[in-house]
Amino acid sequence: MASSTCALSPSARLQLTKTTLAAPLSFYHRSKCQMSRRGFAVKGIVASGVSVMASTLTAEPEPAQGSERLPFKPEGYNYWTWRGHKIHYVVQGEGSPIVLIHGFGASLFHWRYNIPELAKKHKVYAIDLLGFGWSEKALVDYDAMVWKDQVVDFMKEIVKEPAVLVGNSLGGFTALISATGLPELVNGVVLLNSAGQFGDGNKESKTSEETSLQKFILKPLKEVFQRVVLGFLFWQAKQPARIESVLKSVYVNSSNVDDYLVESIMKPAEDPNAGEVYYRLMTRFMTNQSKYTLDTVLSQLSCPLLLVWGDLDPWVGPAKANRIKEFYPKTTVVNLQAGHCPHDEVPELVNKALLDWLSTLTPEVSLQTV
């Protein structure tokens with residue numbers, strides 16, 4: 001993902017846009033200027049959320065050219081209890097496993113056109129990260145390590161065999177750090193316009209002691225102000241017009257921006273805890289991610305890596321994919337004429353790229369699992 005500059009510049013806004021937890025992407029787009037530039041390359045993150053939110057505004061088209069689509073179930077599919085929290089996931093097909101991880105603001109339904117096709121040759125799992133989709137809107141301190149632990153435990157308790165991790169935006173970065181945490185169960189990683197930024201992962205920020213004025217007066221006032229502003233932004237993000245404009249900004253071809261997408265984003269936003277989760281993500285998660293960089297994560301990776309990149313992504317362009325490949329030689333790159341969410345915009349091309357690459361891993365995988 002490109003740099004995560006947020007400030008008041010256009011790039012900063014893009015950053016916030018990506019970070020909408022359960023609220024529509026349109027909301028994020030507006031709130032970006034409020035965020036710190038130290039986000040996780042929030043740009044990539046927001047895009048996934050955006051894509052899901054904008055669907056409400058257009059008449060639902062036919063499913064993408066000849067593609068089967070995962071049926072939308074308001075009640076969800078399967079549930080797993082992790083650390084006392086309810087986690088939503090789906091599983092289809094048979095064969096060597098694949099685990100799909102959505103981006104910031106989205107849900108497993110964002111893989112609607114990928115799950116049925118990939119399941120013809122593989123056992124496909126898709127999971128909703130804690131705080132997103134149909135998974136519990138837990139009131140915890142969100143951090144990249146929370147989702148890493150969730151995916152690692154999902155691999156151990158549900159998948160129970162070596163798999164390939166596939167992630168878009170924030171889900172991409174989550175796939176990377178999960179692979180480093182459980183190398184024996186990860187045969188490969190696929191990133192689609194991934195979040196994450198290059199930088200000095202060992203650099204520790206210096207913190208000065210808080211004065212009494214800061215601790216007892218300025219800090220509480222800042223929190224009150226943030227709650228008012230972010231509360232308004234969260235409400236605003238649910239408005240269809242906002243959602244549509246953001247979605248169209250990251251989908252080069254917006255024909256798949258439909259009611260299915262919108263509902264899959266709006267329903268989770270109705271949860272009573274969704275607003276508080278959004279607040280925590282924007283004020284805590286987004287301000288402490290600079291320590292998790294692509295440099296440090298890629299330096300710990302050992303498995304093959306595939307980049308399926310939407311080169312027309314306004315937030316995370318092809319330069320980032322090129323830099324990842326330079327840093328990590330065991331990388332294959334597939335460039336597509338698509339935006340931030342190629343798996344939903346051009347699913348037939350993404351499915352082909354995934355299946356072709358997965359077929360090259362089959363001999364190695366079978367040797368490992370014998």
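Side chains of opposite charge can pair when their charged atoms come close. In the predicted structure, 8 salt bridges are found. Two of these involve Asp258, a residue that is buried, with a relative accessible area of 0%. In one of them, Asp258 pairs with Arg112, with an N to O distance of 3.0 Å. This pair links distant parts of the chain, since Asp258 lies in the loop between α8 and α9, Arg112 lies in the loop between β3 (97-101) and α4 (115-118), and the two are 146 residues apart. Both Asp258 and Arg112 are buried.

Asp258 also forms a salt bridge with Arg69, and here the closest N and O atoms are 3.8 Å apart. Distant parts of the chain are again linked: Arg69 belongs to the loop between α3 (42-53) and β1 (78-82), whereas Asp258 belongs to the loop between α8 (240-250) and α9 (259-269), at a separation of 189 residues. Arg69 has a relative accessibility of 23% and therefore counts as partly exposed, because the partly exposed class begins where the buried class, under 20%, ends.

A further salt bridge joins Asp356 to Lys352, with the closest N and O atoms 2.7 Å apart. Both residues belong to helix α14 (residues 347-369); because they are 4 residues apart in this helix, about one helical turn separates them. Asp356 is partly exposed, its relative accessible area being 38%, while Lys352 counts as exposed at 52% relative accessibility. Elsewhere, salt bridges that share partners join Arg69, Arg112, Asp258 and Asp344 into one network.

The backbone was examined next. Most residues other than glycine have a negative phi, and most peptide bonds are trans. Lys160, which is not a glycine, has a positive phi near 60 degrees. This residue is located in the loop between α5 (144-159) and β5 (163-168), and Lys160 is exposed, with a relative accessible area of 61%. A positive phi is also found at Asn193, another residue other than glycine, where the value is near 45 degrees. Asn193 is located in the loop between β6 (186-192) and α7 (212-237). In contrast to the exposed Lys160, Asn193 is buried, with a relative accessible area of 0%.

In one of them, the ring centres of Trp80 and Phe154 lie 5.5 Å apart and the ring planes meet at 65 degrees, so the pair is edge-to-face.

Finally, a charge is placed over an aromatic ring. The charged end of Lys86 sits over the ring of Tyr79, at a distance of 4.8 Å from the ring centre.

How values were computed: Residues are numbered from 1 along each chain as its sequence is written. This is a predicted model: local features need pLDDT of at least 70, side-chain atom pairs count only at pLDDT 80 or more; totals for chains, interfaces and linings use all residues. Side-chain values use heavy atoms; hydrogens and water are left out. A salt bridge is a side-chain nitrogen of Lys or Arg within 4 Å of a carboxyl oxygen of Asp or Glu. Buried means under 20% relative accessible area, exposed over 50%, partly exposed in between (1.4 Å probe, protein chains only). Rings of Phe, Tyr and Trp (its six-membered ring) pair if their centres lie within 6.5 Å; planes under 30 degrees apart count as stacked, over 60 as edge-to-face and the rest as tilted. A charge sits over a ring if NZ of Lys or CZ of Arg is within 6 Å of the ring centre and within 35 degrees of the ring normal.
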